[in-house]
Amino acid sequence: MENVNPQGRIIEWLLLDNMHHQWLLLAACFWVIFMFMVASKFITLTFKDPDGYSAKQEFVSLTTLPEPGKPRGEKHFPEGTKPTGKMLSEGRPDQPPVYLERLELVRNACREEALRNLSHTEVSKFVLDRIFVCDKHKILFCQTPKVGNTQWKKVLIVLNGAFSSIEEIPENVVHDHEKNGLPRLSSFSKMGIQKRLKTYFKFFIVRDPFERLISAFKDKFVHNPRFEPWYRHEIAPGIIRKYRKDRTETRGIQFEDFVRYLGDPNHRWLDLQFGDHIIHWVTYVELCAPCEIKYSVIGHHETLEEDAPYILKEAGIDHLVSYPTIPPGITSYNRTKVEHYFLGISKRDIRRLYARFEGDFKLFGYQKPDFLLN
């Protein structure tokens, strides 16, 4: 019969018991680690910013207008880029219907394949040169000449701190970009441009396209109040040489010459010679790229009395500055004036002009001027 050593048995039992405890302790550690991982995942899912990916995605959707009537979550901005007031108001459902309808109209027109060549343009330096920046209040304003832009420039000059009130700004300073303190968007780096386009409040103003052309013609070729002699002495002769039918006619440039120039499908070779002076009569599409840039508000010159205070409020600056007083009736559409200027111009020339500006008419809801075309 085999002899059993009691002391050896005790030692063996103690070793087994010790190993058992070690295994239990190891299992408990794994259990604690597992529960911690589960808890961490739960916390992450619970408190994760629902818009956490949108900053990366919005650069991709920069050229897409908002879906109308679709509520948007609260935006979160890094420190230092938080907007003034209601900066990102593009297509907010609490906007008055007229402003939502304008954005929706642009969005739909941008999708029309038949209008593509008249509604889309590259966001080039020419476009970026048109957009003025107010970093202090996170505002971008796209200049559309002959639509009351001088007054909006004055508003931005005051906001940028160059002058304390609109009344103090000398007229010769407003359009002097060396003195007015208004940086253009083109002066920033590519990253700076993208950041501002993505996060700033953006707006521009439009008016009836043909009435704007009449205003440009009168201002630059007839009255020329700011004494810009190159319009009469360089641009006008260039247009007359190419587009005047009656070579014996010795008068200065006529509106008919201007219409032929603008309606010519090959107008670009003259545009290149005229340089940036063409900003007074090129389309809103060429100036502001409304299908590529997601604007917050589109104002209309015809309703500027309501639109100007609304834009200031939406930009969060209505307590800081007011739009200058608008003389009664000055912004109203004047059909009689339009008929007068187009009187005697051939239907062919008017139709060619409309063909070029059709995108502006349709994007911004202006009625086709059938009284001139038919």
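Modeller: A residue is buried when its relative accessible area is under 20%, exposed when over 50% and partly exposed in between, with a 1.4 Å probe and protein chains only. This is a predicted model, in which local features need pLDDT of at least 70, side-chain atom pairs count only at pLDDT 80 or more, and totals for chains, interfaces and linings use all residues. Residues are numbered from 1 along each chain as its sequence is written, and side-chain values use heavy atoms, without hydrogens and water.

Colleague: Why is E292 called buried?

Modeller: The relative accessible area of E292 is 12%. The limit is under 20%, so E292 is buried. E292 lies in the loop between α13 (284-288) and β4. Its C-alpha atom is 9.4 Å from that of S119, although the two residues are 173 apart along the chain.

Colleague: What makes K138 and K146 count as buried?

Modeller: K138 has a relative accessibility of 12%, so it counts as buried. K146 has a relative accessible area of 17% and is therefore buried as well. K138 is in the loop between β1 (131-134) and β2 (139-142), while K146 is in the loop between β2 and α6. Neither is a glycine, yet phi is positive in both: near 55° for K138 and about 75° for K146.

Colleague: What covers the buried residues of α14?

Modeller: The cover includes α3 (97-111), α6, β3 (201-206) and β4 (297-300). In α14 (304-314), the residues L304, D307, A308, Y310, I311, L312 and E314 are buried. Just after α14, G316 has a positive phi of about 75°.

Colleague: How do you know which residues W152 touches?

Modeller: A contact means heavy atoms within 4.5 Å. Residues up to four places away in sequence are not counted, and W152 then touches F141, F203, I205, L304, A308, I311, L312 and Y323.

Colleague: What makes a set of residues a nonpolar core?

Modeller: The members are buried Ala, Val, Leu, Ile, Met, Phe, Trp, Tyr and Cys, joined through side-chain atoms within 4.5 Å. The largest such core has 92 residues, and W152, F221, Y261, W281 and F342 touch the most other members.

Colleague: Why is an open set of grid points called a pocket?

Modeller: On a 1 Å grid over the protein atoms alone, a pocket is an open set with protein on both sides within 12 Å along at least five of seven lines, and a lining residue has an atom within 4 Å of a point. The largest pocket has a volume of about 1,200 Å³, taken as the space filled by probe spheres set on points joined across faces, edges and corners. Of its 44 lining residues, K146, N149, T150, D219 and R226 are closest to the centre. Helices α6 (149-159), α9 (209-223) and α10 (230-243) each supply at least two lining residues.

Conventions: 1 Å grid on protein atoms, 1.4 Å probe; cavity = no way out; pocket = protein on both sides within 12 Å on 5 of 7 lines; lining within 4 Å. Helix = DSSP H or I, 4+ residues; strand = E, 2+ residues; numbered from the N terminus.
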